[in-house]
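Dear colleague,

Please find the structure below, handed over for your study.

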Amino acid sequence: MRFYRPLHRPQAITFDLDDTLYDNRQVILTTVEKTHQALQAWHPRLAHVTHDDYDRVRLTLEQHHPTIIHDMTAWRYATLVQLMQNVGLSDVDAKRGAEHVMAVFHQWRSAVEIPCMTHQVLAELSAKVPLVAITNGNADASQLGIAQYFALILRAGPDGRAKPSADLYQIAANTLNMHPAKILHVGDDLITDIQGALVAGYQACWINDRQQDLLTARSARLVPHLEISRLDSLTSLL
C-alpha cells in the first residue's frame, strides 16, 4: 500500500467491476470469440464476416452517433443490426439476429470466476460502510454473484455517461446523501477511475495488480490518494 495524498477514513466505497474485483482479460477474449461464432452462424450471408468488418461498422456508428460510446450494450447491439443489414438482411431479421447474438454475448460476458478474496473483502467492507458498483461495462453483478454486497449498482448508458464523466459518481454521492470527499473510489483504470473520481471530488484508490509504475504510466493524469496491489488491503482502512 502506497499513499500519495492524505486519506480520510471513507464513509462509503465505490468500486469499478472489471479488472478491479476480478481479472477480466480472458473472459473478454472468450466472449468476443464466442459472440463472433454466433454471428457467423446466424445466417449464411454472415459466414465470412470478420472481426475487422465488425470493427469498421462499430467505428462508423461512433462517428455518426458519438454519444453511443456511453452505452456499451446499445453500441454492440446497434453494430450487430447494422452489420446484418449491410449483408442484405431485412430490418426484422437483423434485429432478431442481433438479439440472438447479444444473448450469447451476455451468457459469456458474465461467466467470471470471482476470487474468494473478493467475496471476503466485499462482505467485510459492506458490513461497515455502504458499497456502490460503478461500471462502464456490461457484466451483470447478479450473474457474477456479487450484487448482494452493493447498496447500489450503476452502469454507464442506462444510468448516465461513462466514466470519466462525473455522471455516475454524482448519482452515487446523491443517492448516498454524502459529500463526494467522504467516498473512496477503487478502480484499475487511471483515467476512467482515478481521474474520473478525483475530478468528481472523490478520494481515489488505484488497484495496481500488474506492477505498473504510476510515474511512467502513459495514462496517468492525476495522482490517486493511494495505490494497492491487493484488494484485501482495503480492509485496513476501516
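A residue counts as buried when its relative accessible area is under 20%, as exposed when that area is over 50%, and as partly exposed in between, using a 1.4 Å probe and protein chains only. By this definition D193 is buried, because its relative accessible area is 1%.

Two remarks on the source are needed before the details. This is a predicted model, in which local features need pLDDT of at least 70 and side-chain atom pairs count only at pLDDT 80 or more, while totals for chains, interfaces and linings use all residues. Residues are numbered from 1 along each chain as its sequence is written, and side-chain values use heavy atoms, with hydrogens and water left out.

D193 belongs to helix α8, residues 190-199. Helices are DSSP runs of H or I with at least four residues, strands are runs of E with at least two, and both are numbered from the N terminus. Apart from neighbours within four places in sequence, D193 has contacts (heavy atoms within 4.5 Å) with D16, K163, Y169, H185, G187 and D188.

Two helix pairs come next. Helix α1 (residues 25-42) packs against helix α4 (residues 91-109) at an angle of about 155°, and their axes are 9 Å apart. Axes are lines fitted to C-alpha atoms, for helices over the stretch in contact, and angles run from 0 to 180 degrees between N-to-C directions. Angles under 35 degrees count as roughly parallel, over 145 as roughly antiparallel, 65 to 115 as roughly perpendicular and the rest as oblique. Helices α1 and α4 are therefore roughly antiparallel to each other. Residues of α1 in this contact include V27, I28 and W42, and those of α4 include F105 and W108.

Helix α2 (residues 51-64) and helix α3 (residues 72-86) cross at roughly 115°, their axes coming within 9 Å. Among the residues that meet are Y54 and L61 in α2 and W75 and L80 in α3.

H70 is placed in the loop between α2 and α3. From H70 to D159 the C-alpha distance is 9.8 Å, although 89 residues separate them in sequence. Beyond neighbours within four places in sequence, H70 is in contact with A156, G157, G160, R161 and A162.

How many disulfides does the structure hold? There are zero disulfides, a disulfide being a pair of cysteine sulfur atoms within 2.5 Å. C116 is exposed, at 58% relative accessibility, whereas C205 is buried, at 0%.

Yours sincerely
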